[in-house]
Amino acid sequence: MQQSPQPRLILASGSAYRRALLSRLGLPFDVFSPDIDESPLPTETPAQTALRLAKKKAEAIAARFPETLVIGSDQVATLDGEQIGKPGDHDRALSQLQKMRGREVVFHTALCLLDGRAGCPIRLQTQSVQTLVRFRSLSDTELDAYLRIEQPYDCAGSAKNEGLGIALLERVRSDDPSALTGLPLIALSSMLRAAGVRFFLHHERP
């Protein structure tokens with residue numbers, strides 16, 4: 001029996017970190033960066049912000065490429081309920097790390113899979129994954145040195161956990177380890193399977 005072809009998969013993101021994570025699944029995919037306003041709304045929680053933006057990213061790309069599977073993801077970090085954005089420069093990053101040292105930061109990572117194919121059984125799948133991260137109590141000198149080495153100014157929370165930034169962390173708790181880097185692969189794998197995507201094709205016997 002001939003199997004139907006794999007649907008075209010698109011990652012709606014300009015993030016190199018998400019691209020690297022998705023490549024771990026061994027599936028062919030394209031990448032397009034959505035142009036959306038990522039400002040939070042005053043009435044929504046951080047988790048709601050992340051989920052809304054993940055959906056908006058997927059919808060923006062799906063409108064351009066019908067009959068595809070589009071992945072959208074967004075992450076919001078919070079300390080005591082207050083959102084922590086991307087620092088953008090050294091001084092803001094140092095201020096973030098100073099506030100977070102010895103404290104627990106909550107990362108809300110939202111995932112959306114939008115299926116634009118005609119007759120698809122599930123058009124929209126969403127999930128939010130929470131990661132609790134406790135930062136070590138490090139000196140200003142250590143924090144400044146880390147920032148100059150890795151320059152994580154495009155990362156919410158000012159630390160690249162997939163790089164040297166892992167040394168800033170004391171503990172990480174999550175049901176989906178890759179969520180902290182920006183794309184929950186366990187959740188995504190479940191969504192893709194529900195959409196009919198087949199894994200391990202190159203390992204199947206004829």
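Mentor: Let us start with Asn161, which counts as buried because its relative accessibility is 18%, buried being under 20% relative accessible area, exposed over 50% and partly exposed in between, with a 1.4 Å probe and protein chains only. This is a predicted model, in which local features need pLDDT of at least 70, side-chain atom pairs count only at pLDDT 80 or more, and totals for chains, interfaces and linings use all residues. Residues are numbered from 1 along each chain as its sequence is written, and side-chain values use heavy atoms, with hydrogens and water left out.

Trainee: Which side chain is joined to that of Asn161 by a polar contact?

Mentor: Asn161 is found in the loop between α4 (140-150) and β7 (169-173); helices (H or I, at least four residues) and strands (E, at least two) are DSSP runs numbered from the N terminus. Leaving aside neighbours within four places in sequence, Asn161 is in contact (heavy atoms within 4.5 Å) with residues including Ile166, Leu169 and Leu180. A polar contact is a pair of N or O atoms within 3.5 Å; within protein, one must be able to donate a hydrogen and the other to accept it, and residues adjacent in sequence count only if both atoms are side-chain atoms. At 3.4 Å, the side chain that meets this rule with Asn161 is that of Thr181.

Trainee: Is Thr109 buried or exposed?

Mentor: Thr109 lies in strand β5, and its contacts beyond four places in sequence include Ser73, Gln127, Val129 and Leu183. Its side chain forms a polar contact of 2.9 Å with the side chain of Gln75 and reaches the backbone oxygen of Ala179 at 3.0 Å. Because its relative accessibility is 0%, Thr109 counts as buried.

Trainee: How does Thr45 count by its relative accessibility?

Mentor: Thr45 has its place in the loop between β2 and α2. Because its relative accessibility is 38%, Thr45 counts as partly exposed.

Trainee: Which elements are included in what covers the buried residues of α2?

Mentor: Helix α2 (residues 46-62) has 17 residues and reaches 24 Å from its first C-alpha to its last, close to the 24 Å expected at 1.5 Å a residue, where the expected span is 1.5 Å times one less than the number of residues. Its buried residues include Thr49, Ala50, Leu53, Ala54 and Lys57. An α-helix has 3.6 residues a turn, so residues three or four places apart point the same way. The cover includes β1 (9-12), α1 (16-23), β2 (30-32), β3 (69-79) and β5 (104-115).

Trainee: What radius of gyration does the chain have?

Mentor: The chain holds 5 helices and 7 strands, in the order β-α-β-α-β-β-α-β-β-α-β-α from the N terminus. The radius is taken over C-alpha atoms, and the globule rule is 2.2 Å times the number of residues to the power 0.38. For 206 residues a compact globule would have a value near 17 Å, with which the chain agrees at 18 Å.
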